[in-house]
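Hi everyone, thanks for coming. Let me put the structure up, and then I'll walk you through a few charged residues.

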Amino acid sequence: MAARKVRKRSSNGLDNAAKTEEDLSGKAKGNGEESLYFKKGYKNISNVTPNKRAKLTIHKNHIMNQLGRLFYIRPCEELAQKLLGKLLYRILDNGEVLCGRIIETEAYLGVVDKACHAYGGKKTERCEPLYMAPGTAYVYFIYGIYHCLNISSQEPGACVLIRALEPLQGLSSMKSFRGVRRKDGGSKLKDFELGNGPSKLCQAFCIEKANLNKEDMAFSERFWLEDDKNSHGSQLTIVKSTRIGLNSCGPEWALKPLRFYILGNKCVSVRDKKAESKILPQTY
């Protein structure tokens with residue numbers, strides 16, 4: 001994948017119209033959150049460097065071809081599957097480009113979904129991004145120390161959890177971010193381990209509530225999605241399975257097949273061999 005220069009893209013008329021609407025602005029970011037990856041005492045991580053990092057290589061030749069608003073304005077379950085194979089780009093403050101391919105997602109269907117933070121129409125400061133424009137990043141804490149990345153979809157309160165990424169560019173930096181809490185600084189991590197889980201990928205890409213919550217991915221110049229131009233139109237084989245760790249929501253929602261992943265990709269967080277056997281029965 002060739003490195004390309006970052007430059008501001010021109011939006012089409014539909015995108016420009018959407019951008020002017022007040023409820024689609026998404027400008028406010030999470031405030032007062034201490035970074036988990038950077039030195040203690042910083043509440044805003046702009047212009048600071050991680051405690052442990054590999055030598056960074058700056059890529060200056062990236063041209064943005066990001067997916068606009070129309071891509072995200074679709075039902076949650078459909079968006080969860082359309083996101084598979086897309087490339088996630090993250091520009092660090094020093095200009096380095098990180099990139100990974102989305103290979104696993106989960107759909108959370110909004111106000112009707114007992115597993116969703118917006119269930120029952122719940123509206124809090126935490127889940128505000130779920131009611132913002134489709135394509136808004138919703139970054140939240142789990143267990144008080146990890147982050148998860150979601151992208152809002154068409155329905156009010158609905159979003160797609162990004163569960164796993166295949167790392168493509170900036171791997172040395174990803175290892176250093178993943179290694180902040182490790183004695184080896186991340187040097188012993190295998191490439192496929194960098195993003196094979198929702199919190200792992202947030203660590204690898206330095207995605208935090210403090211820096212990317214409420215980011216409008218349809219217009220952002222530091223965090224966006226693109227089509228994979230190297231896929232040559234090849235069809236993905238998608239496995240449909242149950243979501244992970246939702247037993248407390250009851251069997252009706254815990255057992256719904258709302259997790260999706262690319263068959264055969266080594267970076268999947270949890271394989272469902274039974275579901276895979278229905279796709280390729282001859283191999284089991």
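Glu104 and Arg163 form a salt bridge, with their closest N and O atoms 3.1 Å apart; salt bridge here means a side-chain nitrogen of Lys or Arg within 4 Å of a carboxyl oxygen of Asp or Glu. The pair links distant parts of the chain, Glu104 in strand 2 and Arg163 in strand 5, 59 residues apart. Helices (H or I, at least four residues) and strands (E, at least two) are DSSP runs, numbered from the N terminus.

Before I go on, a word on the source: this is a predicted model, where local features need pLDDT of at least 70 and side-chain atom pairs count only at pLDDT 80 or more, while totals for chains, interfaces and linings use all residues. Residues are numbered from 1 along each chain as its sequence is written, and side-chain values use heavy atoms, with hydrogens and water left out.

Back to Arg163. It also forms a salt bridge with Glu106, and there the closest N and O atoms are 3.7 Å apart. Arg163 is in strand 5 and Glu106 in strand 2, so this pair ties together parts 57 residues apart in sequence. Both Arg163 and Glu106 are buried, meaning under 20% relative accessible area, with exposed over 50% and partly exposed in between (1.4 Å probe, protein chains only). Through shared partners, salt bridges join Glu104, Glu106, Arg163 and Arg259 into one network.

How many salt bridges are there by this rule? The count is 14. Another of them is Asp227 with Lys86, whose closest N and O atoms are 2.3 Å apart. Asp227 sits in the loop between strand 6 (223-226) and strand 7, Lys86 in the loop between helix 3 (76-82) and strand 1, and 141 residues separate them. Asp227 is partly exposed at 29% relative accessible area, whereas Lys86 is buried at 15%.

Now for an arginine without such a partner. Arg90, in strand 1 (residues 87-91), is buried yet has no salt bridge; Asp93, the nearest side chain of opposite charge, is 5.5 Å away. For that, Lys and Arg count as positive, Asp and Glu as negative, and His and the chain ends are not counted. A polar atom of the Arg90 side chain does lie 2.9 Å from the backbone oxygen of Cys206.

Finally, confidence. pLDDT, the predictor's confidence in each residue from 0 to 100, has a mean of 81 for the protein, and 75% of residues reach 70 or more. Over residues 38-60 the pLDDT stays under 50. Where pLDDT is low, the predicted coordinates should not be read in detail.

Technical notes:
Contact = heavy atoms within 4.5 Å. Polar contact = N/O pair within 3.5 Å; in protein donor to acceptor, adjacent residues only side chain to side chain.
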